[in-house]
Amino acid sequence: MTDRFTLSPFEFFDAATRTRFRSLRIASMTDVPHLFVRTRVTMAGKSSLVRARSLPPKWFTKNPATTFEQDLPEMLQIIGHAAKIAERIARFLF
């Protein structure tokens, strides 16, 4: 039997940050948006805060023909969609 768990609603926060120059093969960056994603997972009476951050160029699409400005909306849409699916699964299963 699978242990039951609860998942709090996802929260999203963003911040623009500057960084040292970094070459990432098909992209370079001197600044990067950070998307902070937060939720709390509780299972068997124990709770854990889950967080994610940073949206460096090309980590998601790997397509050298598109710009980061073109890729960013797609990344945000997919992250939001994944959060909604996780919330639905938590409600449906438990």
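Predicted model: local features only at pLDDT ≥ 70, side-chain atom pairs only at ≥ 80, totals over all residues.
Arg51 counts as exposed, at 64% relative accessibility (exposed means over 50% relative accessible area, buried under 20%, and partly exposed in between, with a 1.4 Å probe and protein chains only). Residues are numbered from 1 along each chain as its sequence is written, and side-chain values use heavy atoms, with hydrogens and water left out.

**The overall layout**

- The chain has one helix and four strands (these are DSSP runs numbered from the N terminus: helices are H or I with at least four residues, strands are E with at least two).
- Starting at the N terminus, the order of the elements is β-β-β-β-α.
- Of the 94 residues in the chain, 18% are buried.
- One of the buried residues is His34, at 16% relative accessibility.
- His34 belongs to strand S3, and its C-alpha is separated by 8.2 Å from that of Phe13, 21 residues apart along the chain.

**The largest pocket**

- Rolling a probe the size of a water molecule over the atoms shows where empty space is left.
- The largest pocket holds about 180 Å³ of space (a pocket is an open set of points on a 1 Å grid over the protein atoms alone, where a 1.4 Å probe fits, with protein on both sides within 12 Å along at least five of seven lines; lining residues have an atom within 4 Å of a point).
- That volume is the space filled by probe spheres set on the points, with grid points joined across faces, edges and corners.
- Which residues lie nearest the centre of the largest pocket? They are Val37, Arg51, Ala52, Arg53 and Ile79, out of 16 lining residues.
- Strand S3 (28-43), strand S4 (46-52) and H1 are the elements that give two or more residues to this lining.
- S3 gives the most, with five residues.
- The lining is made up of eleven nonpolar, two polar and three charged residues (Ala, Val, Leu, Ile, Met, Phe, Trp, Tyr, Cys and Pro count as nonpolar, Asp, Glu, Lys and Arg as charged, and the others, Gly among them, as polar).

**The salt bridge**

- Side chains of opposite charge can pair when their charged atoms come close.
- The structure holds one salt bridge (a side-chain nitrogen of Lys or Arg within 4 Å of a carboxyl oxygen of Asp or Glu).
- The partners are Arg38 and Glu11, with their closest N and O atoms 3.0 Å apart.
- This pair links distant parts of the chain, 27 residues apart: Arg38 is in strand S3, and Glu11 is in strand S2 (residues 11-23).
- Arg38 is partly exposed, with a relative accessible area of 30%, and Glu11 is partly exposed too, at 35%.

**A nonpolar patch on the surface**

- Ile85, Ile89, Phe92 and Leu93 form a nonpolar patch, with about 420 Å² of accessible area together.
- Patch members have over 30% relative accessible area and no salt bridge; nonpolar side chains (Val, Leu, Ile, Met, Phe, Trp, Tyr) are joined within 5 Å, and like charges within 9 Å.
- The areas come from the Shrake-Rupley method with a 1.4 Å probe, and for residues only the protein chains shown count as cover.
- Ile85 is part of helix H1 (residues 68-93) and is partly exposed, at 35% relative accessible area.

- Most residues other than glycine have a negative phi, and most peptide bonds are trans.
- Ala44 has a positive phi, near 55 degrees.
- You'll find Ala44 in the loop between S3 and S4, where it counts as exposed at 66% relative accessibility.
- Lys62 also has a positive phi, near 60 degrees, and lies in the loop between S4 and H1.
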